[in-house]
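Here's a quick briefing to read alongside the model. Have the viewer open while you go through it.

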Amino acid sequence: MVPVPQIWRTKSQFCLHFDQKFLGMGNWFTCCVQRREKVAGVPKSGILTFANSVGTSDYAYYSGATEHASHPLPVPGKNSTRKKRTGIVPSPRSESEILSSPYLRALLLSELAKATNNFHRDCLLGEGGFGYVYKGWLCEETLTASRPGSGLGVAVKKLKPRGLQGHKEWLSEVNYLGQLRHPNLVKLIGFCLEGENRLLVYEFMPRGSLENHLFRKSASVLPWATRIKVAIGAARGLSFLHDAEPQVIYRDFKASNILLDPDFNAKLSDFGLAKSGPTGDHSHVSTQVMGTQGYTAPEYLTTGKLTAKCDVYSFGVVLLELLTGRRVMDKKKTRAEQNLIEWATPYLHDKKKLFRIMDTKLEGQYPRKAATIAATLALHCVNPEARGRPDMSFVLSVLEQLPSKYTSGRPFGDRRKVSKSRHKSESSLPGSVRTKHASCVSEGTKSPRERS
């Protein structure tokens, strides 16, 4: 077993402790940090390499969430599906260059009007500050209007005339989605620019937005496995953008911008606020503060300095929404519960109290251990300090490493199933760690009454 390194600094009461545990699902670590801001030269995240009798071992570590707290996260594996620097976005480009993308088609307003029955309300899918989205049908080969129900189903976004800012956001979306292609980014098929009319044509996403599935009263309940699937898909999309060259900062990550295909694969949409990330020696991009209340990182709100860590914060908010089934801001709740992050944070520190904030619509059908990992990850992502948040590559690795046996829930408090699971877990582990693991499984599967 690899020796456990410890660093003690009594004078400033600093303790950084790594505890390796073998839980049958990879290497885990626990990181406790106290008064870290007074210890110079201690990084917030990265890889530590320690020598042992066999060779060397790499330990991922992440510090800086909250003081006096211990939060385990899995070590990202070396076989991660993430590919680095796969997107290429030449910058800057003129408007004519943007509109001449080989991946996009310039479409006629008259054809889009026919495809949507002259933008009839019966074809309306949704509306927002940007404008209206209609369901339409186009011929797959010619991209001309076709009869309803035949050809290619598309979503046609018709922007409201908002002057220069509206045009800039429309052009930004054409710029990024006209070049970037990824399974977790919504596909932009074409655009229309005629006079004051600005339209965008996307692939149709039949299951709509994550927001509707989480918060609409008439929507069916999203099971645990589906929620994790959506989180992984969204994380892949963000990680792809952050690894593009130059980097792309999404800046408007929220539940309403995550669209779902028939199999609940998540795709990011609406790139109107996207920005190219810092280049060279620059650490951030200074820009006008834009975004959605509750999802916007605090340092960006106060300084206007934009980094990829702003997207990580927004991702943490959405992950909390997936866990709790609550909106990030809800004025219908009592004052203490209106802000999701402020309300949930105290419970995220204690796995014994985590069940109190989990979505009641799940009816306990979620695995304790996986829920704890996801909650811990969300806590790190919404760290008030940008330097205390992990990269999206780390976030994606953690989510992807949730073992398959943990991605579907079991009835809360089912003692027969708990006993069988505990016996199976113990029998698959070395004797030296069997007792320790058994206690973890037992603790993680107790009912609320048993815990108290």
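Which are the buried residues of helix 10? They are M392, F394, V395, L396, S397, V398 and L399, where buried means under 20% relative accessible area, exposed over 50% and partly exposed in between, with a 1.4 Å probe and protein chains only. Seven of the nine residues of helix 10 (residues 392-400) are buried, so the rest of the structure largely encloses this helix.

Before going further, note that this is a predicted model: local features need pLDDT of at least 70, side-chain atom pairs count only at pLDDT 80 or more, and totals for chains, interfaces and linings use all residues. Residues are numbered from 1 along each chain as its sequence is written, and side-chain values use heavy atoms, with hydrogens and water left out.

**Overall make-up**

- The protein has 13 helices and 19 strands; these are DSSP runs numbered from the N terminus, with helices being H or I of at least four residues and strands E of at least two.
- Of the 452 residues in the protein, 50% are buried.
- Take the contacts (heavy atoms within 4.5 Å) between residues at least 6 apart in sequence: 63% of them join residues at least 24 apart.
- Helix 5 (residues 224-242) has 19 residues and spans 27 Å from first C-alpha to last, close to the 27 Å expected at 1.5 Å a residue; the expected span is 1.5 Å times one less than the number of residues.
- Helix 5 is also mostly covered, with 16 of its 19 residues buried.

**The largest pocket**

- The largest pocket has a volume of about 1100 Å³.
- For the method: on a 1 Å grid over the protein atoms alone, a pocket is an open set of points with protein on both sides within 12 Å along at least five of seven lines, while a cavity is a set where a 1.4 Å probe fits but cannot get out. Lining residues have an atom within 4 Å of a point.
- Grid points are joined across faces, edges and corners, and a volume is the space filled by probe spheres set on the points.
- The lining has 40 residues, and F130, V133, S256, N257 and L259 are the ones nearest the pocket centre.
- Elements giving two or more residues to this lining are strand 9 (124-128), strand 11 (152-159), helix 3 (163-177), strand 13 (197-203) and helix 4 (210-215). Strand 9 gives the most, four residues.
- By class the lining splits into 16 nonpolar, twelve polar and twelve charged residues. Here Ala, Val, Leu, Ile, Met, Phe, Trp, Tyr, Cys and Pro count as nonpolar, Asp, Glu, Lys and Arg as charged, and the others, Gly among them, as polar.
- Domain 1 (87-204) and domain 2 (205-406) both give residues to the lining, so the largest pocket lies between them; the bounds come from an automatic or database domain assignment.

**Cavities**

- There are five cavities of 30 Å³ or more in the structure.
- The second largest cavity holds about 50 Å³ of space.
- Its lining consists of R251, D252, Y295, T296, A297, Y300, L306, C310, D311 and S314, which divide into five nonpolar, two polar and three charged.
- Helix 7 (residues 308-324) supplies the largest share of that lining, three residues.

**Y134 and F119**

- Y134 sits in strand 10 (residues 131-138) and counts as buried at 9% relative accessibility.
- Beyond four places in sequence, the contacts of Y134 include T116, F119, H120 and V156.
- Y134 and H120 are 14 residues apart in sequence, and their C-alpha atoms are 8.1 Å apart.
- F119 is in the loop between helix 2 (109-115) and strand 9, and is buried at 13% relative accessibility.
- Contacts of F119 beyond four places in sequence include L109, L112, Y134 and L199.

- Most residues other than glycine have a negative phi, and most peptide bonds are trans.
- F119 has a positive phi near 55°, and D270 has one of about 60°.
- D270 lies in the loop between strand 16 and strand 17 and is buried, with a relative accessible area of 16%.
- In the loop between strand 16 (266-268) and strand 17 (275-276) you'll also find S269, which is buried at 8% and touches V186, Y250, N257 and L259, leaving aside neighbours within four places in sequence.
- E245 and P246 are joined by a cis peptide bond, with omega about 0°; P246 is in the loop between helix 5 and strand 14 (248-249).
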